[in-house]
Amino acid sequence: MIKKTCFRIASVFFVVVLLIVASSCVNDPRSEATGESDSDTDGDGDSDSDGDSDSDADSDGDSDGDTDTGELDPLLIDNMDDGDHLIIAHQGRDGAWFVDNDGTPDEASVQFPDPENGFETSNCGDDNPCAHTYGEGFMGWGSVIGLTFTSDMQVYDASQYAGIRFKAKGKNPIRLDFATKDTAFESEGGLCEAYCNDSHGKIIHLTEEMTEYYVDFDELFQLGWGRPEAFKPGELLNIRFSFPSYNEWLAFDYAIDDVYFYAEDHNDPEDPEEGDGTEESLDDLELIAGFRASPYAFEEQGLPFPEPEYWVRVAKEMAAMYPGATPGGVWIIGIVALDEESIFHSGACMLRFPNPGVETHNLVFEPLFDRNEQALDLFDQEGLKVWLQVESGISDVPNLIDMIFTKYGHHESVLGFGFDVEWNQATEPSDDHPVEDAEVAQWMTQLKGYNENYSMMFKHWLPEMMPYEDPGFIFLNDSCIDSFDNLMGEFEWWGEQFSVPSGFQIGYPEDQYWWEEMWDNPVDGWGNEIIDRVPSTKAILWVDFTIYDVFPPKNCSIDSLN
């Protein structure tokens, strides 16, 4: 048997940059110059020591920072009305605000306030001081403003509270994180020695109007790239309002004000998206024609991931080449972390969406953006059908199915679940483990519980790696071989081995030297050759490594993208 000779090059994906995750400027924050009189001993901007200022925000409805009895609200962390970098000193809290970024070495990388000059308040309108940061160009973990709870990096016990509320506005989402003793570096008062600062947090979707947000402590989760720890509100070190850019040239602009604790849970669990999902099964479709879309194919070439409109065009143009074809493809939603790219554990599944609220055992999540929802919305509108595929590594597959189809099962474009057997239980390349029939039967039952019309796609180049045959399965071959005759011989042989439909993922760079010479349009010529010679063919998918060679982006050249 001819063995596959093309392998995935190590992906840099979003978590690699977390190796240099921030060590924020939190050392002895109260030793910085404040610009205030030495007679101010409580950090509130006045000359007394009663802990309040002239215009504190508070929880009694009059925005002056005190209670109805005139005492400083014990829940208030800071409102910045005193105009300095110190939080209000009371209730055992005497920390300060800080600003930091990843230090991307580029002239175009800029943040205000400049971390070298320290934190300073800004005017958020009507002479109202706030914590405001803006800038662009950070290509590592990003940028942050935040506050410490104590001046000597000691932990603060917030276990009597249920969460925090704050006001914020901005032009981008942010991530709110709580550093604890278990997750923070030793230099920041923590116990962590390696894989640190994977703090518990939540994404906040800001608007350009100042809005109040509540964040319950039980809504906080890690991203998964660092050391897994339980959240301990009794051991808080700091709060961070960050913009994790991660290899993307993005601008940020957001402001924070009136930060308080609160005592009782405030938020209800979010309802799942409504929608019944696909009404068509694999049996209803003659052929799926389109793409294999992964993040690493473009990262390896230094190119941005294409917009959803590009994938729709590719699928529709490709489907038009084959009679009766439906546009669609394989949308890779999670990839495996290999030895050279894993930060904490090799074999974790790195998912292209934020943590939906689960423990992060062998899972790594996007810090800020959902990389799938916008595309799937458009695929719904344009009539595409896609399998949502994972490279599971050593992660729990039933857990992946639940997360993915709870989140995306409402989409009409989702045809089912794709599983790349090459990365089953893998911690390094070519660490092959066949799937077990008993576990596959469990996955199928679980998947059908979300939608009876769902199918499962299994991908490999060796028949012995495939599970038992089920009417709801499709077996996808992703071989690349040194000649057209040899590869077509394998494809024909593949189709003869199974009673279930076959699919073929073609266009790898390793065999490009012959397929680009055989036809003026290799997508048309080769695809129709497969359909003619393999009667069980149900899917023809062009791999993303060379997709720009056969479907160039419109209005620009490939060179201009580099």
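Here are some friendly notes on this predicted model, point by point.

1. **Ground rules.** This is a predicted model, in which local features need pLDDT of at least 70 and side-chain atom pairs count only at pLDDT 80 or more, while totals for chains, interfaces and linings use all residues. Residues are numbered from 1 along each chain as its sequence is written, and side-chain values use heavy atoms, with hydrogens and water left out.

2. **The chain as a whole.** The protein chain has ten helices and 22 strands; helices (H or I, at least four residues) and strands (E, at least two) are DSSP runs, numbered from the N terminus. Of its 562 residues, 59% are buried, where buried means under 20% relative accessible area, exposed over 50%, and partly exposed in between (1.4 Å probe, protein chains only). Counting contacts (heavy atoms within 4.5 Å) between residues at least 6 apart in sequence, 74% join residues at least 24 apart.

3. **The cores.** A nonpolar core is a set of buried Ala, Val, Leu, Ile, Met, Phe, Trp, Tyr and Cys residues joined through side-chain atoms within 4.5 Å. In the largest one, with 103 residues, the members that touch the most others are Phe291, Phe379, Ile404, Phe417, Phe458, Trp526 and Ile547. A second, separate core has 38 residues, including Ile164, Ile174, Phe178 and Phe241. In soluble globular proteins, nonpolar side chains tend to be buried together.

4. **Helix H3 and Phe379.** Within H3 (residues 373-382), Glu373, Ala375, Leu376, Leu378 and Phe379 are the buried residues. They pack against strand S13 (287-293), H2, strand S14 (325-336), S17, H4 and strand S18 (414-420). If you set aside neighbours within four places in sequence, Phe379 contacts Phe291, Pro308, Trp311, Val312, Trp331, Leu384, Val386 and Ser413. Just after H3 comes Gly383, with a positive phi of about 80°.

5. **Helix H8.** The N-terminal end is capped by Asn521, where a side-chain oxygen lies 3.1 Å from the backbone nitrogen of Val523. Buried residues of H8 include Trp526, Asn528 and Ile530. The packing partners of its buried residues include helix H2 (308-319), helix H6 (484-497) and strand S22 (537-543).

6. **Disulfides.** Taking a disulfide as a pair of cysteine sulfur atoms within 2.5 Å, the count is two. Cys124 and Cys130 are joined with an S to S distance of 1.7 Å, and this link is right-handed, with 65° about the S-S bond. Cys124 is buried at 16% relative accessible area, and Cys130 is buried at 0%. Cys192 and Cys196 are joined at 2.2 Å; their link is left-handed, with -95° about the S-S bond, and both residues are buried.

7. **Glu391.** This residue sits in the loop between strand S17 (385-390) and helix H4 (397-408). Glu391 is buried, with a relative accessible area of 0%. Its side chain reaches the backbone nitrogen of Val336 at 3.1 Å.

8. **Phe243.** Strand S11 (residues 236-243) contains Phe243, which is buried at 2% relative accessibility. Beyond neighbours within four places in sequence, its contacts include Trp141, Asn172, Leu250, Tyr254, Leu368 and Phe369.

9. **Backbone spots to look at.** The peptide bond joining Phe112 and Pro113 is cis, with omega about -10°; Pro113 lies in the loop between strand S3 (110-112) and strand S4 (122-123). Asp126, a residue other than glycine, has a positive phi near 55° and is exposed, with a relative accessible area of 80%. Asn197 likewise has a positive phi, near 70°, but is buried at 7% relative accessibility. Asn197 is found in the loop between strand S8 (174-180) and strand S9 (200-204).

Technical notes
Polar contact = N/O pair within 3.5 Å; in protein donor to acceptor, adjacent residues only side chain to side chain.
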